[in-house]
Amino acid sequence: MFPLIAGVSLFSMTQILVAADNRPSTPTALPTLTPQIPLEVTSTKNPPTLDSLQHDFDVFSWQSFIALNWPANADGTPNTGVTIGQATNSPVVWESYRESRDIFLPGGAPPAPWGQESPLPPVCKNIDAKHLPPGTMHLTQVGKTPNVLDESGEPFKTGPLIDQNGQYARFAILTNEQMFDYIDTNKLYSKSGQKAFDANADFPSSNTKSNQVGSIMIKTSWVKMGGKFDPAKFYTTYALVYDNPAEEPGVKPSCVLTQVGLVGFHIAHKTASEPQWVWSTFEHVNNAPTAGQKPTLPAYNFFNATCTSCKVNEPPPRPWNPGTAYTQPTQIERVIAITPDAQQLNAAYHQALAAVSADSVWLNYELVSTQWPTNAKSKTDPTGVPAPSFLANTTLESYIQGHVKQTSSSCMACHNNATTTTGNFSDFTYLLQRAQ
Amino acid sequence: MSNDMDNFVGLSVVLTGFSREVLAPDLDPVDIKSEYLPVFTANVTKESGDPSLVADIFQKYAMLQSQTLTPQQIGEAMLDPANGEAFVLACRKLIFMWYAGAWPTIVPASATAQASTVSDLISAKAYTASLVWQVMQSHPMGDSNYRYGYWNKPPVPLSDYTGQ
């Protein structure tokens with residue numbers, strides 16, 4: 001049975017040509033760049049095939065990436081007066097989302113209402129917002145930006161990731177307003193609230209009939225700028241980089257205002273036809289070469305071609321301490337190659353972005369793939385039989401790449417195990433486990 | 001005109017009792033059939049010493065399938081001893097492969113031991129995709145797509161697993 005791929009296309013699919021055999025072919029027109037977040041995937045082939053749907057989901061991912069990284073107004077809405085790539089260093093849409101640290105507060109305290117500021121860790125209080133570097137105006141919107149990067153271990157705690165400057169990569173998880181509202185309304189931000197709720201979580205999905213955006217989670221990874229990293233090659237922001245003593249034994253609290261560059265970007269979007277969510281992942285093009293292939297770039301963010309003794313895809317030895325001035329970089333390779341079709345789609349979107357600005361930083365980001373349910377309504381498999389079976393971002397699942405079930409990274413297979421603190425199903429998010 | 005894969009899947013549906021939607025869904029990211037067909041072809045050819053046996057089996061199935069017969073009738077016709085020992089054994093091994101994710105080898109009786117069957121797991125994917133777990137309405141050891149606390153509820157009906 002085919003999954004129900006219903007809904008209204010909110011983006012132009014006419015620009016991607018379909019060949020006589022109904023396989024996507026090289027586009028002759030550029031994809032449309034729009035700030036509209038797509039609400040559902042539209043099948044471009046009838047009947048759809050695994051390949052055609054993968055392509056359609058990948059288009060959905062790119063359109064989502066474009067919309068979420070669109071320059072934003074002060075209230076987080078897209079600034080339709082400019083196009084992505086035109087307003088360098090201005091905040092983008094997803095930066096108005098709420099960072100997990102600001103939702104799950106000590107003692108289970110209620111989070112600040114959407115759009116209001118949350119308190120910074122006390123150790124960051126010495127940062128004077130009046131003396132920030134140029135280009136950090138968005139940092140003054142403290143509650144609306146992911147202004148504190150306090151996670152130095154990968155989201156699944158498989159280990160930290162050390163860049164070619166010997167610095168710890170940093171991570172942040174955010175939710176959009178719809179997802180935040182569900183958590184806030186149902187008091188799922190605290191253990192006591194979850195106990196009173198005592199049911200499976202069911203976050204709102206996007207709805208094409210009401211034209212409502214549903215729940216979206218963003219997971220990001222960052223490296224400090226400078227050294228081997230040229231800020232002109234990254235989407236950058238200024239962030240308070242916080243060494244959190246709660247993360248690892250021996251870590252001393254520290255808070256430093258630092259320019260950071262985006263290297264990894266997950267989007268999880270719950271739609272009506274994909275209750276297992278649609279899982280998209282993007283990376284900086286310089287992150288890592290593909291295993292088994294000759295490195296093609298002169299330098300990588302997480303790989304050193306001259307290091308023949310470096311163990312590949314292994315976390316650094318303990319003790320892990322993000323406060324260390326320098327740590328031996330990790331050696332990362334991509335285990336599962338990006339498919340030719342995704343590469344072709346990346347090229348098409350890069351062309352469209354380059355048409356806006358030849359030196360757009362967004363030319364340096366590529367789609368790895370999209371995981372989606374092939375049988376969303378399966379009665380025997382609550383993961384909906386994902387395709388592809390495995391999907392990993394080299395910066396977010398560096399050490400669990402591969403093809404082994406229950407061991408290698410699969411967004412849906414892993415998140416299907418997520419529960420609240422009471423053991424109820426938490427609707428594919430581990431965030432609710434952070435409640436105190 | 002059906003090809004080997006069509007006949008292999010059709011024959012597998014008949015002999016296993018599972019639906020085509022379960023064994024070879026239209027959207028099939030697991031695609032275990034593409035792993036099983038070469039194993040079946042190579043092993044049957046090697047063990048029988050008959051390079052045309054697999055083609056004969058598929059041809060017989062296609063002929064039966066073109067007639068107005070029920071799956072039960074087709075299955076019985078495929079397992080009819082009149083087809084020959086190697087033919088029937090190949091069909092039985094096909095059933096074993098789908099259910100166990102492994103290829104069976106029959107060890108003849110000796111002076112000191114009874115005949116027995118040993119099997120070689122085809123792959124890690126075959127282990128998790130084997131139908132025995134579906135029949136058990138359960139999951140392989142070390143591999144579950146069920147959610148935390150699933151054991152607190154009865155499984156869905158067997159028909160949801162077999163698709164029949």
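Start by selecting A:Thr220 and A:Trp222: their side chains are joined by a polar contact of 2.9 Å (a pair of N or O atoms within 3.5 Å; within protein, one must be able to donate a hydrogen and the other to accept it, and residues adjacent in sequence count only if both atoms are side-chain atoms).

Before moving on, a word on what is loaded. This is a predicted model, where local features need pLDDT of at least 70 and side-chain atom pairs count only at pLDDT 80 or more, while totals for chains, interfaces and linings use all residues. Residues are numbered from 1 along each chain as its sequence is written, chains are lettered from A and ligands numbered from 1 in the order in which they are written, and side-chain values use heavy atoms, leaving out hydrogens and water.

**Around A:Thr220**

Stay on A:Thr220, which sits in strand β4 (residues 216-224) of chain A; helices (H or I, at least four residues) and strands (E, at least two) are DSSP runs, numbered from the N terminus. With a relative accessible area of 0%, A:Thr220 is buried (under 20% relative accessible area; exposed is over 50%, partly exposed in between, with a 1.4 Å probe and protein chains only). Beyond neighbours within four places in sequence, show its contacts, including A:Trp94, A:Phe171, A:Leu262 and A:Leu396; contact means heavy atoms within 4.5 Å.

**On to A:Phe180**

Next, pick A:Phe180 in helix α2 (residues 177-185) of chain A. A:Phe180 counts as buried, at 1% relative accessibility. Setting aside neighbours within four places in sequence, its contacts include A:Arg98, A:Pro111, A:Trp114 and A:Thr175.

**The cysteines**

Now select the cysteines: the whole structure holds two disulfides over all chains (pairs of cysteine sulfur atoms within 2.5 Å). One joins A:Cys124 to A:Cys255, S to S 2.0 Å. The torsion about that S-S bond is about 95°, so the disulfide is right-handed. A:Cys124 lies in the loop between β1 (98-99) and β2 (148-149), A:Cys255 in strand β6 (residues 254-269), 131 residues apart.

Another disulfide links A:Cys307 and A:Cys310, S to S 1.8 Å, and is right-handed, with 90° about the S-S bond. Both of these cysteines are buried.

A:Cys411 is buried at 11%, whereas A:Cys414 is partly exposed at 26%.

**Last stop: confidence**

Colour by pLDDT, the predictor's confidence in each residue, from 0 to 100. Chain A averages 88, and 89% of the residues score at least 70. Over residues 1-24 of chain A the pLDDT is below 50.
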